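Please open the model in your viewer and keep the selection tool at hand.

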Amino acid sequence: MTRECAVLLPGVCAALADPRQPGLDDTCLEKLLDWFRSLTWFDPTVELVQENPCLTELITSVLALPEPSPSILSFTLQLAGILASSENRFQHLQQEKVLGRLFGRDGPRGRAVWEDASVRSGWVKGVHSMVHHQPALHFLCSEGGMDVIFTLQGDPSLFVASAASQLLVHMLTFSVESETSKPLSTKDCEWPACAQMIKRHIEDSLQSSSASHIEQSLKLLTSLFGSCYAAWTEALWLDIAKQIESFLMEETVQSQHMLANLLLNVARSPVFCDTEGSFWALVTSALEHLTPVQAGPLAVGLLRLCKCPQDVRIQALTVLLQPMDCILRAASQPLEYAGLLDESVSDPATVESLLSSKTSCAGLLCQTLAHLEKLLSLKHLRVDLPYMSLLRSLMTILQFCNGFLSPTSPLGSTISRNLINCFRVQKSALDVLAALSEKKGCDTLVGTLFDVLLAYLESPNTGPTVLKKAFQATSKWLMHLQELSCSSNQRQQSEKILEDVFVVLQKRLCSPCWEVRDSSLEFLTAMIKCLRDKDEFRQCLLSSEVPRLTENLLEDPESYVRASAVTAVGHLACITYFAPESPVVGNQYNKENAVAKLQEILSTDSEGFPRRAVISIFTKWLREGCTGQLEDTGQFVSRVIQTVEHDLDWEVRLGGLELVEAFCSQTIRQRGLSECPYAPASSAATSPTHQQELLQVFCQAKLFGFLFRSLCDCDKPVGQRACDILIGLRGNFYPMSTLENPQEIEDSPAGRGIAWLQRTLRQGSLAQNFPTDGGNEVDFQDPESMMVALGAVDLLELHDELNKSSDHVEESPQSLLQDILATIGTIEENEVDCY
């Protein structure tokens, strides 16, 4: 603890213990506790409490209050627990006779203030902090603390109940691992006293008739097996495995839904990965006896495990595919094609019953589809998924949902009625459909698949969120389709699908719903990114009305749509305006008009989203070498940054810096100075002629004024990026050992101005007199002055200042203590560090 903090601490403690003082907010109290945690974390000595007796005085003063504030009492309990976390400080506090009055039988748990959940929470947290050594563990057991924790497991406050459960996990783990030296067996007598109490409590709760007690122990066990992988956990498991198995067999047990998480955590533990027979037999039994909704999370978790036995893995996959199989079989009578499964794990009638129910049908399918999407995202799946049948099942679900399929079977008719216009299932199915586009073996169904997707894209009943998902799935499958287009038949099919897609897109771009217009533009951009090099795609795009409609949306009343239109136009330009031989004939929209429109949006649009989109597109053009076809690139960049510099949106200003960075990188590469803009230049590249040419280009584009002024931007990310760019530029002009000599700078013609620039930059965002064009003390368009500035300005010092956390002063412990004292009015107002 610093001397300044030690001076302030007694005043803070006295204020906290004074019931006449206004209460502090919880944030200040939490910050104080965090500070004490950091003080005690690496220092187990007793000096902290000996040298600061005000801490013990605070605890005794709060205990002496007839009606302490719940928040202050909770704080005191947690503080005492933190201080007692080392054995030395624990013994000291025991001598002061405060721990028994806080955590023992004489503590607050017998008083009215115990009714406040924050006090109970503070007690649990304090105990958790304290129990890191044997004396604390024995103290708690001897003072009846264990029964209190067992009771708090069922506390009406979920936060308290969860904290109590976590505390028991910690105590069980600590007790076993600190008090035993040999492997434990299932015999209670071999377990340490505290561990015995917890183990017996778990076993008694599992065998009780109380559903809440059973659930509390299952939660505790789930947490334990999820966090502790020690060998002794096997002994605990062997004692309770029979009871867990009985829960699976008894349909009346309400806690079955919790068994999946418990079994999955046990399965993840390396202790059980090689267990023969018994454990995996129990897992198999769970997959059979849990309902499909309960078994789903267990099944997908097992499939993601490396060391799950193959027969269990196949069974888990069967559980996940069973609803999809049922959908496929219900779609037609007689069955036109095989389902996904040869046999089921559990009774198919259970799944049929759930899908037949209006209340459970959507929930089961959404859960199943979410699990399948997870599996499809895995790089290495250790079972083979039947992709073709899965795709067929997905299309069936989507057709049920939009009413395009009328099954003849009674079950199919019921499922169809349950799913009609169910947007939750539609979104989930489309997500899985998009994921399947990356898998092989579905090629023969592509035609039917696009029929389903186009039906969704065309239907007026498709809601905006579902349409967005349909667009995403369509773009993924269009990409896959282009990879398949080898034979003439496949090419014809591809062209027909693209034509149909553009017909739909034209309609959607004119939708009265702004979300639909926005999604349509995003879809167009995604297609251009993926397919811009494909001739048939470009032909279909440019022969449609889509380019014209897209440019019209630059004037859309909704800012999100304008932003998406800017991005789409920017990507379109790479095909229509900047292509070496643009295939557009008679298009009235030339590239000069498009650029002028985007520049107008950048300078006049009232919303930030479109302006951000414009600067992002300009940067993209620059990186791809498109701007050189417009005009001199330097003039283009200069005009853009002069507009951007005064933008009120910091993200637009940051985008301007990214444009500058791209321009510098490109210019340096073109002139052969360096492959990397941030690498020190070679001796050949640093010749005066090369430097002069490069600086001349940058000065004409007015980059340096923008960069140096950005160093003082009131938004830190802007200053940080500007500093990074200037450091990168300096590396190209100065090898690190040859920076300018400060004395030589002062004697140079530009020296006075550079010294002024240094002083101004040190003020950072407080600099109110930073030069604007005209009457500057530094000529930012003079190459010689800028060469001197790059060598003289201490950019590394600026970099360190800009990268300091904004709270490096404001949230220091000293500042926190000052703020607390100021809040309660014991120091002058000008001493407080308000933040």
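Two rings of Phe, Tyr or Trp (for Trp, the six-membered ring) count as a pair if their centres lie within 6.5 Å; planes under 30 degrees apart are called stacked, over 60 edge-to-face, and the rest tilted. This is a predicted model, in which local features need pLDDT of at least 70 and side-chain atom pairs count only at pLDDT 80 or more, whereas totals for chains, interfaces and linings use all residues. Residues are numbered from 1 along each chain as its sequence is written, and side-chain values use heavy atoms, with hydrogens and water left out.

**Aromatic rings.** Select Phe-225, Trp-237, Phe-272, Phe-279 and Trp-280, which together form one aromatic cluster. Across the structure there are 21 aromatic pairs.

**A charge over a ring.** Next, display Trp-191 and Lys-199: the charged end of Lys-199 sits over the Trp-191 ring, 5.3 Å from its centre. The criterion is NZ of Lys or CZ of Arg within 6 Å of the ring centre and within 35 degrees of the ring normal.

**Helix α27.** Move to residues 514–531. Helices (H or I, at least four residues) and strands (E, at least two) are DSSP runs, numbered from the N terminus. Buried residues of α27 include Val-516, Leu-521, Phe-523 and Leu-531, where buried means under 20% relative accessible area, exposed over 50%, and partly exposed in between (1.4 Å probe, protein chains only).

Which residue forms a salt bridge with Glu-651? Select Arg-612, whose closest N and O atoms to Glu-651 are 3.6 Å apart. Arg-612 lies in helix α32 (residues 608–623) and Glu-651 in helix α34 (residues 650–670), 39 residues apart.

Then select Arg-653 and Asp-715, a salt bridge with closest N and O atoms 2.9 Å apart. Asp-715 is in the loop between α36 and α37, 62 residues from Arg-653 in α34. Is Arg-653 buried or exposed? At 7% relative accessibility, Arg-653 counts as buried, while Asp-715 is partly exposed at 24%.

Finish at Arg-721 and Glu-661, whose side chains meet in a salt bridge (3.3 Å, N to O). This pair links helix α37 to helix α34 across 60 residues.

Note on methods. A salt bridge is a side-chain nitrogen of Lys or Arg within 4 Å of a carboxyl oxygen of Asp or Glu.
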